[in-house]
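Subject: Structure handover

Hello,

Here is the structure we talked about. Please open it first, then read the notes below it.

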2 protein chains.
Amino acid sequence: MKILDFWFEFASSYSYLAAMRAESLAQEAEIVLRWRPFLLGPIFAAQGWTTSPFNLYPAKGRYMWRDLDRICAARGLALVRPEPFPQNSLLAARLALSVPETLLAPFSRAVYRAEYGEGRSIADKDVLTKIVENLGLAAAALFERAQSEEIKTRLRRQTQEAQDLGVFGAPTFVAPDGELFWGDDRLEPAIAWTRALG
Amino acid sequence: MKILDFWFEFASSYSYLAAMRAESLAQEAEIVLRWRPFLLGPIFAAQGWTTSPFNLYPAKGRYMWRDLDRICAARGLALVRPEPFPQNSLLAARLALSVPETLLAPFSRAVYRAEYGEGRSIADKDVLTKIVENLGLAAAALFERAQSEEIKTRLRRQTQEAQDLGVFGAPTFVAPDGELFWGDDRLEPAIAWTRALG
């Protein structure tokens, strides 16, 4: 089976859109979706941004929220803006690298649902505790693992790998031949591209 | 008939994609497409950019060209990168406001074809002369009109109007109720939205 890498950032609004549909679209196309959490912060910082471009450029930010409203309405997806935006996603990303691999996708969708479906803070340990407990995991041990040097290093390396691949925003899909597709609206082309590879 | 405003910038690569298909999609939906040329330069300058974000952020720029390659290939559209990028589009935009209104769309498509289909310079008076002559217009009189205070002022006002509407990039589609849609990939949603208006 071909593998499509799904690079996502928990703070990213368009990653929410992609996370809620990517798995089922990939499955229909008989493609394995590999969930790759990373941090946009260091990548934005490298190009001189101190926060999300949606905050730096207000007209773009207003448009993004309106665009998201429309798309969520069309897809029957809940949308409650998290405050502040963007959320601090560091702990969620470290937890994502700490849960058993088979639970990475359900964990990630649960984080997005809490954040963008319910407007809850994903920097809040209580919110994250509930999510991991709902997945049947022991929270205390998991949080300890999430703060270990091993996990911190893995997240740094994964973020560096994204940057080396040419990732500059999220979500980004990377096909087995290295072809990049940026944005929830490029999910279908990414799947079609991957499918067509020999 | 409902009117959908099509805000475009001659230097913009994704405006090329939209310009080559927007008219026929609008016609099928029984919507009038109103072509509104404007300049992104002043809008970019207002947010501190001295050139295209595709130049300011190299990873984003590399991606844009690749994305454009793929989309042009899929649509059977020629693509030859103009040098330099972005092109100076001032004269083309002033000419667009100077041609008879019925020729605005064919003129604009001819400019995009020369620029992105053939990689020619649209700052080159010879290139533009050929385009207007092919449309049966008298070049000398048209260039004189394009440099008149009336046209210069109209272009400045039109750019200000775009900015006041919340336009921050091109192409942007604005529905009769003021709803904004940014990007060639939002053309279909813009048409569907406009169609659904009471």
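In chain B, residue B:I3 stands opposite B:V32, which lies in strand β2(B). Please keep in mind that this is a predicted model.

Strand β1 (residues 2-8) of chain B pairs with β2(B) in the parallel sense, over seven bridges. In general, the strands of a sheet pair through backbone hydrogen bonds, either parallel or antiparallel. Here four strands of chain B form an open sheet, in the order β2-β1-β3-β4, and the pairing is mixed. The edges are β2 (31-37) and β4 (180-182) of chain B, each of which pairs on one side only. On average, neighbouring strands of this sheet are turned by 25 degrees against each other, with direction ignored.

A helix also packs on this sheet: α11 (residues 187-196) of chain B, which touches β1, β2, β3 (172-174) and β4 of that chain. The direction of α11 makes about 155 degrees with that of β1(B).

Now to chain A, and a pair of helices. Helix α7 (residues 104-117) and helix α8 (residues 125-134) of chain A pack at an angle of about 140 degrees, and their axes are 10 Å apart. The two helices, α7(A) and α8(A), are therefore oblique to each other. The crossing of α7(A) past α8(A) is right-handed.

Which residues of α7(A) and α8(A) meet? From α7(A) they are A:F107, A:A110, A:V111 and A:A114; from α8(A) they are A:V127, A:L128, A:I131 and A:V132. By class, this contact has eight nonpolar residues, no polar ones and no charged ones.

Regards

Definitions and conventions: Residues numbered from 1 in each chain as written. Chains lettered and ligands numbered in written order. Predicted model: local features only at pLDDT ≥ 70, side-chain atom pairs only at ≥ 80, totals over all residues. Heavy atoms only, no water. Axes fitted to C-alpha atoms, helices over the stretch in contact; angles between N-to-C directions. Parallel < 35°, antiparallel > 145°, perpendicular 65-115°, else oblique. Left-handed = near helix turned anticlockwise from the far one by under 90°. Contact = heavy atoms within 4.5 Å. Nonpolar A, V, L, I, M, F, W, Y, C, P; charged D, E, K, R; others polar. Pairing = 2+ DSSP bridges.
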